[in-house]
Amino acid sequence: MKSWTRREFGRSTGAMALAGLGPRLAASESKARVVVVGGGIGGATAAKYLAVSAPTIEITLVEPKPNYTTCFFSNLYLTGLCSLESLTHGYETLAQRHGINVIHDSVAAVDPVAKTVGLKSGPKLPYDRVVVAPGITFNYDAIAGYDEAATQVIPHAWNAGPQTQLLRRQLESMEDGGVFVLVAPPNPFRCPPAPYERASLVAYYFKQHKPRSRILILDAKDSFNAQDLFLDAWERHYRGMIEWLPAQFTGGIKAIDVKERSVETASETFKAAVANVIPPQMAGQFAQQNGLVDQSGWCPIDPITFESKLQPGTHVVGDASSAGDMPKSAFVANSQAKACAFAIAAALTGSERQSPHLFNTCYTFLSPDDAVSNAVSFKPVAGTIKIVDNFGSQVQESAETRHRTAREAQSWYTAFTRDTFGYAAF
Ligand SMILES: Cc1cc2nc3c(=O)[nH]c(=O)nc-3n(C[C@H](O)[C@H](O)[C@H](O)COP(=O)(O)OP(=O)(O)OC[C@H]3O[C@@H](n4cnc5c(N)ncnc54)[C@H](O)[C@@H]3O)c2cc1C
């Protein structure tokens, strides 16, 4: 099958040479081909586990950025507890060790009829299956006054990189005694405990460097993930520093005044020294533009194969997917991607299909020495995905247990990123 023009092929191989590509592209055209859109946690894991489980499949991973910076642990970076470099990972191991063609470009569109993926730079890549993992995008229509341009003054810092660096600079240059206003988004959103982990670690930073400063959380919700653990920790570590106002108290977030750095709610307007607005979220722009989302704004999928319910042959994993009880976390993206990779490998190689094992493990810092964890298993039930078992930290735990969990979190980070970006053999 020949789907590329010579001009397209020349342009594409140029891009691939820059990315230090392996030998897979030159392999026989009779090989089954999988294209993965997005080299975040879901996409990188799907590409790696396809390569590991079905070496006969030709795998191409398309990702615009040369390196990936993790959102997880970015709250530690924000408050000076780690460097951004330590959270940044390259694609060389996926290319060199696992023979994945890594193309640094954006995917413009999937053509499910011609079965091609069109790159922004022009070439079209033929596929037998395509995995889409574009993460999230923000609904800038939801809060008056807060649009993409506003993020350059009031960052969301919900994608790690320049946004997180901007928020860190603002916190560092804030005068002692100011108020850090954090607007927390409505459900569902990327990483349910993360806004409250951010508030905890910013409080820790203030306690060390700006002890007269305060944190105000204006929430779009009336309750939040692991609320009892956070409220207990805020009382123990940061008494009087963090105030949480639920939507039922404020009447909800109405508008942002970027110039005044203020947040208007139905009942009152709050002025910030530093503001951090995390807007409502939906499946990544690529999914929105390629017919993969339903009216919920997320991508409905088959709970066993992660094949789109709207577009056969296209699989969606990670935050963009609408996966029943599964939260939007990196661990979930990794778990979904493995299940999806095994299902695609079975379909394309004729091997036996396994039942998926779906998990989430989450570590959350309340202070650098006090972390909590949560482990959940899931299974596909009646067309969706349900929680089977749930195990988590308790309010009454000892300081020693919490300290141990914080150390475990650091080991988890290393093992998890090694797994995702291919340095680990498993
Ligand atoms: C502050 C914070 C803390 C967090 N902490 C944790 C934690 O402790 N534990 C945890 O498990 N999770 C955590 N998360 C959540 C985690 O970061 C996300 O759930 C995870 O990154 C989702 O992976 P993904 O692959 O779906 O999307 P992403 O990792 O965002 O990857 C999407 C990729 O797709 C690429 N892309 C987009 N469009 C295109 C296109 N058109 N063509 C090609 N590529 C494209 C993007 O460049 C990006 O690299 C946290 C998140 C935040 C914000």
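Visitor: Let's start with one residue. Why is Tyr-413 called buried?

Guide: Its relative accessibility is 7%, and buried means under 20%, so Tyr-413 counts as buried. Keep in mind that this is a predicted model.

Visitor: Which aromatic cluster has Tyr-413 in it?

Guide: One that Tyr-413 forms with Phe-72, Phe-73, Phe-331, Tyr-363, Phe-365, Trp-412 and Phe-416.

Visitor: How many aromatic pairs does the model have?

Guide: The count comes to 21, going by ring centres that lie within 6.5 Å of each other.

Visitor: What makes the pair of Tyr-49 and Phe-342 edge-to-face?

Guide: The angle does. Their ring centres are 6.1 Å apart and their planes stand at 85 degrees. Planes over 60 degrees apart count as edge-to-face, so that is the label for this pair.

Visitor: Why can you say that Tyr-49 and Phe-342 tie parts of the chain together?

Guide: Tyr-49 sits in helix α2 and Phe-342 in helix α10, so their pairing joins parts that are 293 residues apart in sequence.

Visitor: Is Tyr-49 buried or exposed? And what is Phe-342 called?

Guide: Tyr-49 has a relative accessible area of 7%, so that one is buried. Phe-342 comes out at 38%.

Visitor: Then why is the pair of Phe-72 and Tyr-413 called tilted?

Guide: Here the centres are 5.4 Å apart and the planes are at 55 degrees. Stacked needs under 30 degrees and edge-to-face needs over 60, so an angle of 55 degrees makes the pair tilted.

Visitor: Where do Phe-72 and Tyr-413 lie?

Guide: Phe-72 is in the loop between β3 and α3, and Tyr-413 is in helix α11, so this pair links parts 341 residues apart in sequence. Phe-72 is buried too, with a relative accessible area of 14%.

Visitor: What about the phi of Phe-306?

Guide: That one is positive as well, at about 65 degrees, and again the residue is not a glycine. Phe-306 is in the loop between β19 and β20. Its relative accessibility is 0%, so Phe-306 is buried.

Visitor: Which peptide bond is cis, and what is its omega?

Guide: The bond joining Asn-187 and Pro-188, with omega at about -10 degrees. Most peptide bonds are trans. Pro-188 lies in the loop between β11 and α6.

Visitor: How do you know that Thr-314 makes a polar contact with Gln-311?

Guide: Their side chains come to 3.0 Å, and the cut-off for such a contact is within 3.5 Å. Thr-314 belongs to strand β20 and is buried, with 0% relative accessibility.

Visitor: Now the ligand. Which residues come nearest?

Guide: Of the 34 residues around the ligand, the nearest are Gly-42, Glu-63, Tyr-68, Arg-190 and Asp-319.

Visitor: What do Arg-190 and Asp-319 bring to an oxygen atom of the ligand?

Guide: Arg-190 places a polar side-chain atom 2.6 Å from an oxygen atom of the ligand. Asp-319 has one at 2.8 Å from an oxygen atom of the ligand. From the backbone, an N or O atom of Phe-331 lies 3.0 Å from a ligand oxygen.

Visitor: How much of the ligand does the protein bury?

Guide: The ligand taken alone exposes 1000 Å², and 92% of that is buried by the protein.

Visitor: Which elements give two or more residues to the shell around the ligand?

Guide: They are α2, α3, α6 and α10. The most comes from α10, with three residues.

Visitor: What classes of residue make up the shell?

Guide: There are 19 nonpolar, nine polar and six charged residues.

Visitor: Which residues does UniProt list for "domain: FAD/NAD(P)-binding"?

Guide: The annotation, from an unreviewed entry, covers residues 33-150. In the model that span is 19% helix and 32% strand, and its end C-alpha atoms lie 41 Å apart.

Key: Residues numbered from 1 in each chain as written. Predicted model: local features only at pLDDT ≥ 70, side-chain atom pairs only at ≥ 80, totals over all residues. Heavy atoms only, no water. Near = heavy atom within 4 Å. Polar contact = N/O pair within 3.5 Å; in protein donor to acceptor, adjacent residues only side chain to side chain. Areas by Shrake-Rupley, 256 points an atom, 1.4 Å probe, with all protein chains shown as cover. Helix = DSSP H or I, 4+ residues; strand = E, 2+ residues; numbered from the N terminus. Nonpolar A, V, L, I, M, F, W, Y, C, P; charged D, E, K, R; others polar. Phe/Tyr/Trp six-rings, centres within 6.5 Å; stacked < 30°, edge-to-face > 60°. Buried < 20%, exposed > 50% of the residue type's maximum accessible area, 1.4 Å probe, protein only. UniProt positions renumbered as here; feature names shortened; annotations may be inferred.
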